[in-house]
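Subject: Handover of the two-chain model

Dear colleague,

I am passing the structure below on to you, and after it you will find notes on what turned up when I went through it. Please read them with the model open beside you.

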Amino acid sequence: MSSDVNIAQFRFLQRLLLLHGHWCYRRISMMICYFFYKNITFGLTLFWFETHSSFSAQPAYNDWYLSTYNVFFTSLPVIALGVFDQDVSARLCLKNPNLYAEGIENILYSWPRILGWMFNGLCSSMIIFFLTTSSLKHHAFRSDGRVVDFSVLAATMYSCVVWTVNCQMALSINYFTWIQHFVIWGSIALWYIFLLIYGTLPPTFSKSAYLVLVEVCAPSPLYWIIIIFVVFSTLLPYFAFRAIQLRFWPMPHDVVQLDRNRGLKVKQIRDANPLPYIRDLALVLFLIQAL
Amino acid sequence: MSSNPTSSSGAGSTDPSAARRNSKRPKYSRFTQQELPACKPILTPRWVISAFMVVSIVFIPIGVASLFASRDVVEIVDRYDDDCIPGSKSAKISYITGPSDKTCIRTLNVSKHMKAPIYIYYQLDNFYQNHRRYVKSRSDQQLRHNRSANEVSACKPEDTANGKPIVPCGLIAWSLFNDTYSFSISNRNLTVNKNGIAWKSDRDHKFGKDVFPSNFQKGGLIGGASLNESIPLSDQEDLIVWMRTAALPTFRKLYGKIHQDLQAGDVINVTLKNNYNTYSFNGKKMLVLSTTSWLGGKNDFLGIAYLTVGGLCFFLAMLFTLIYLVKPRRLGDPSYLSWNRNPGGR
């Protein structure tokens with residue numbers, strides 16, 4: 001990411017590069033990967049539905065659900081990620097200048113990582129669609145014998161998608177202030193509030209969403225059980241992958257986090273062999289100073 | 001991190017307010033300095049294993065409960081479209097489109113005790129009620145208000161017949177299911193309650209009390225049932241149920257309810273009228289009698305899926321415990337850092 005920054009004093013360069021440079025790199029790369037993931041997850045459920053509607057281009061969801069997905073229910077967490085996320089605290093960033101090498105080595109925005117997130121989106125959409133349609137088949141979904149219709153499948157699958165992408169955000173970040181809690185859980189709550197309000201609009205306007213939450217979905221225990229199941233099942237592969245990655249192939253910021261977690265002094269890390277590009281960094285700083 | 005004095009301290013003034021006025025340092029707040037109180041959870045071995053264990057401890061009982069609920073449901077499914085009309089496909093099609101009497105007698109055996117209320121459904125297979133053009137082919141305005149009887153633009157090709165608008169217009173209404181069923185046990189008729197089978201919101205808010213069918217099924221091709229023109233749409237519950245389009249190509253719709261128990265070993269005689277043509281598109285028709293549980297109908301999938309995922313999480317918890325015990329990661333080991341893995345350079 002290139003941007004123009006003015007600094008008043010030369011000593012501010014240390015914080016600018018090592019702290020904000022590292023954070024910005026992590027935020028931007030993480031945000032882009034996550035953005036692809038959440039849209040692939042959502043869009044591909046529409047595609048899988050086409051296999052069950054004879055490819056007639058019937059959207060699986062109500063028109064308004066489609067329009068508001070990227071505006072209301074999944075936008076704020078990504079913005080919070082891009083603006084506020086900190087993978088390593090300020091103090092540790094400055095104590096471990098080698099963390100800046102993550103950006104130089106392009107660890108967080110390499111093709112395997114981008115494609116990995118897209119693949120995560122593909123798998124998530126498949127799991128969500130398959131589990132939702134298999135649980136909501138032609139049988140009754142409530143104790144009063146009512147059967148599933150288009151509005152029920154749409155509301156259930158959409159709820160699963162919104163829950164899953166927001167909980168995926170909660171799993172991916174390691175830094176929770178009141179802002180992150182507010183936007184993540186708030187987005188999910190906003191979906192239900194929207195469904196409530198939209199459902200009370202006249203049926204000529206709200207069409208298939210008329211009273212779908214209050215009358216149809218919320219009183220059905222199956223709806224809630226499906227959401228719990230689908231969310232946990234969809235996030236399970238990522239969770240297991242992340243646990244294995246942290247154990248066997250931790251990234252530099254992961255190592256710093258894990259050791260900080262154990263209260264370890266960072267002195268041992270700094271005593272490691274210096275990098276050749278730290279030599280380059282010193283050269284750059286010297287040249288700037290000389291100018 | 002740097003706590004140096006302000007940059008303009010060369011003035012020599014000892015007045016703190018003057019020093020503050022000369023400083024360009026921005027006002028400190030935890031938000032702008034990104035120092036908000038935060039919790040920073042890390043996926044340590046303890047968290048990973050506990051998370052998997054908690055998920056498996058929660059999922060396995062839910063799976064057992066769901067499976068028991070599904071097993072409690074008693075369901076009788078009878079596919080009758082093949083047996084009611086013998087012969088090849090073309091023979092079936094010419095029979096169903098002909099004028100002959102289409103009564104068919106079927107026998108259902110009750111294997112287990114079924115508690116009231118027992119729900120009667122008709123199930124259709126390979127019927128794409130979720131096709132885009134089919135779903136579009138209705139006029140919500142016309143269904144709701146008498147004054148909007150002429151708003152039929154979305155209903156093509158079933159919008160007008162003989163120059164007059166069709167009420168209710170559209171393909172969904174035109175293809176209304178018209179098989180009928182009547183039940184008897186040992187020559188006693190079973191009363192089927194056909195009230196309250198549609199959603200209340202549909203009856204009250206989507207279909208008008210002052211809208212009556214007119215000009216319906218009067219075109220060249222008849223697609224399904226005809227409607228009684230003296231009953232308003234809000235009371236035509238079969239139509240309302242049918243017009244709530246299904247999500248998937250295999251679906252059931254509620255036909256009625258039976259409010260008495262059925263004992264194990266009962267033999268139910270069904271007199272049905274096999275009117276609806278599903279033979280042209282290789283569809284299937286089935287009659288279903290089913291009880292319900294607190295969770296709904298007889299669907300084992302969720303119970304089995306919960307048990308599977310719960311078991312998988314338990315297995316993963318054990319696996320991770322093994323990994324962390326057998327090969328623990330030495331803390332503070334600098335060799336894990338990527339820049340130390342190839343010390344000579346990139």
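Throughout this message, helices (H or I, at least four residues) and strands (E, at least two) are DSSP runs, numbered from the N terminus. This is a predicted model, in which local features need pLDDT of at least 70 and side-chain atom pairs count only at pLDDT 80 or more, while totals for chains, interfaces and linings use all residues. Residues are numbered from 1 along each chain as its sequence is written, chains are lettered from A and ligands numbered from 1 in the order in which they are written, and side-chain values use heavy atoms, with hydrogens and water left out.

I begin with how the two chains meet. In contact terms (heavy atoms within 4.5 Å), 93 residues of chain A touch 84 residues of chain B. The buried area, meaning the accessible area (1.4 Å probe) that two parts lose on being put together, summed over both, is about 7,900 Å² between chain A and chain B, and carbon and sulfur atoms give 64% of it. A:H138, A:R146 and A:R247 supply 9% of the area that chain A buries against chain B, which is more than any other three residues supply. A:R146 also lies over the face of B:W199, at 4.9 Å from the ring centre; a charge is taken to sit over a ring if NZ of Lys or CZ of Arg is within 6 Å of the ring centre and within 35 degrees of the ring normal.

With buried meaning under 20% relative accessible area, exposed over 50% and partly exposed in between (1.4 Å probe, protein chains only), A:G145 counts as buried at 0% relative accessibility. Leaving aside neighbours within four places in sequence, A:G145 is in contact with A:A140 and, from chain B, with B:Y119, B:Y121, B:L254 and B:T292. B:Y121 in turn has B:R252 over the face of its ring, at 5.9 Å from the ring centre.

The interior comes next. A nonpolar core is a set of buried Ala, Val, Leu, Ile, Met, Phe, Trp, Tyr and Cys residues joined through side-chain atoms within 4.5 Å, and in the largest one, which has 90 residues, A:Y61, A:Y65, A:Y158, A:W191 and B:F52 touch the most other members. Helix 11 (residues 221-248) of chain A gives the most to this core, with 15 residues. Domain 1 (44-73 + 295-325) and domain 2 (77-291) of chain B, whose bounds come from an automatic or database domain assignment, both give residues to this core, so it lies between them. Apart from it lies another core, of 62 residues, among them B:Y121, B:L143, B:V152 and B:Y276. The C-alpha centres of the two domains of chain B lie 40 Å apart.

Aromatic rings deserve a look of their own. Rings of Phe, Tyr and Trp (its six-membered ring) pair if their centres lie within 6.5 Å, and planes under 30 degrees apart count as stacked, over 60 as edge-to-face and the rest as tilted; the structure holds 51 such pairs over all chains. The rings of A:F73 and A:W191 have their centres 5.4 Å apart and their planes at 80°, so the pair is edge-to-face. This pair links distant parts of the chain, with A:F73 in helix 2 (residues 63-73) and A:W191 in helix 8 (residues 178-200) of chain A, 118 residues apart, and both residues are buried. The rings of A:F232 and B:F59, with centres 5.6 Å apart and planes at 85°, are likewise edge-to-face, and this pair crosses between chains, from helix 11 of chain A to helix 2 (residues 45-72) of chain B. A:F232 is partly exposed at 41% relative accessibility, whereas B:F59 is buried at 1%.

Finally, some backbone details. The peptide bond from B:K156 to B:P157 is cis, with omega near 0°, and B:P157 lies in the loop between helix 6 (140-144) and strand 4 (160-161) of chain B. The bond from B:V167 to B:P168 is also cis, with omega near -10°. Phi of A:L211 is near 55°, a positive value in a residue other than glycine, and A:L211 sits in the loop between helix 9 (203-206) and helix 10 (212-217) of chain A, partly exposed with a relative accessible area of 22%.

With best regards
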